[in-house]
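Here is a short note for a first look at this model. Please keep the structure open while reading.

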Amino acid sequence: MKSRSRAVYSINPSVDIYKIGEDQVEFYFITTRRRILLDISPTLILALTFVDGRRTLDDIGQIMAIDSQELAPFFDYLLGQRVLLNIEEEIQDLSLLAKVDLDRYDRQINYFRSAYSGGAFSQTKLLEAKVVIFGLGAIGSGIALQLAMAGVRHFILIDGANMMSSSQERHYIFSHAEIGRAKVDIVAEHLSQIDPLISNVLYKEHILPDTDLGKFLADANFVINTLDEPYIGFTSAKIGRVCVQKNLPLFVAGGFDAHLMSTGELIIPGKTPCVDCYLSHFTTTLAGWKPRYNIPPIERELYEVKGRDIDFHVGGLASMALFSISYATITIIDYIVSQGDVKTVYGRGECLFEDLNINYLNVQRDPKCPICSVI
């Protein structure tokens with residue numbers, strides 16, 4: 001590595017620079033909306049105009065007829081903030097990926113370059129990730145689709161169901177021609193069409209009380225549960241307890257009864273509430289609550305139409321599922337790329353269609369939780 005004075009710098013292409021008056025500069029990250037406002041001397045402002053990806057710090061010092069070491073602290077700061085890029089370090093970073101992957105993930109790498117440490121390095125975290133997905137309904141299959149597009153190449157998929165006619169309305173992978181086929185097979189085929197290098201391990205199985213989860217989680221480093229059969233609370237508790245034991249991050253998405261645009265929740269062992277903390281929270285907050293009805297139950301004969309029962313499943317839109325899918329995927333990518341060093345974990349929230357505000361539950365870790373309190 002060259003000395004600091006001989007390093008070549010460029011301005012991050014995702015950063016806009018605005019001069020405000022004679023001694024103030026704002027750096028605006030286009031992709032992340034981050035802003036840095038600095039009060040600096042006209043000399044430092046001038047130095048920025050000579051950063052072109054070819055000149056060294058010494059070159060800039062010579063042009064300005066000053067000692068380059070006077071500029072070094074300022075350049076070091078901007079380098080740490082990812083306003084400036086060290087060309088040699090960028091070349092080393094990009095060498096981590098094959099050209100085909102550099103071309104494929106070019107825009108994503110540019111985003112990672114501003115949001116994390118190293119664009120290509122961040123991309124390799126996704127390429128190496130081994131993700132388990134329980135449940136391949138609208139949410140689970142959609143998350144798999146978006147993760148594959150982002151670069152995840154190792155999936156373990158578990159679902160015991162076949163595709164039904166009603167799946168076409170809200171699933172982004174399934175089609176009419178695939179009705180009756182196993183969901184795991186359909187999803188695996190679509191993922192391989194996105195990227196032929198994707199490897200899929202498939203289990204057409206239902207998760208039962210006595211199911212041993214060990215074979216599903218043996219090689220995993222991230223787990224996703226969207227399985228709402230027999231019930232999302234049951235499957236999440238069963239999976240979540242094993243994830244705590246194995247120190248595996250878990251994202252619980254979808255399947256929350258009538259919560260049509262749920263954010264889901266990221267569960268990090270030892271850092272966030274576990275599934276049992278959530279269950280304890282609901283047990284306490286809903287204690288004594290019972291639904292009240294203003295009219296007697298409707299007789300079954302009154303809602304039979306031409307010999308076909310009306311389907312009283314909770315209604316929703318495919319776009320509502322897409323919200324939950326995209327929110328979950330962004331959160332999962334952030335965890336994988338940051339290697340678990342996430343800055344903020346919001347917990348479960350719900351976006352209500354009437355005002356599009358997200359309301360989050362304030363759930364804390366239970367210090368007496370029998371599952372996670374020992375961590």
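**Pocket, helix and cores**

1. The second largest pocket has 27 lining residues, and those nearest its centre are Y111, Y116, I330, T331 and D334. A pocket here is an open set of points on a 1 Å grid over the protein atoms alone, where a 1.4 Å probe fits, with protein on both sides within 12 Å along at least five of seven lines; lining residues have an atom within 4 Å of a point.

2. This is a predicted model: local features need pLDDT of at least 70, side-chain atom pairs pLDDT 80 or more, while totals for chains, interfaces and linings use all residues. Residues are numbered from 1 along each chain as its sequence is written, and side-chain values use heavy atoms, without hydrogens or water.

3. α13 gives six residues to the lining of the second largest pocket, the largest share. Helices are DSSP runs (H or I, at least four residues), as are strands (E, at least two), numbered from the N terminus.

4. Helix α7 (residues 119-128) is mostly covered, with eight of its ten residues buried. Buried means under 20% relative accessible area with a 1.4 Å probe, protein chains only. Among these buried residues are Q123 and K125. The buried residues of α7 pack against partners including α4 (87-94), α8 and α13; contact means heavy atoms within 4.5 Å.

5. The largest nonpolar core has 43 residues; V131, I143, L147, F155 and F222 touch the most other members. Such a core is a set of buried Ala, Val, Leu, Ile, Met, Phe, Trp, Tyr and Cys residues joined through side-chain atoms within 4.5 Å. A second, separate core of 27 residues includes A220 and V252.

Methods: Buried < 20%, exposed > 50% of the residue type's maximum accessible area, 1.4 Å probe, protein only.
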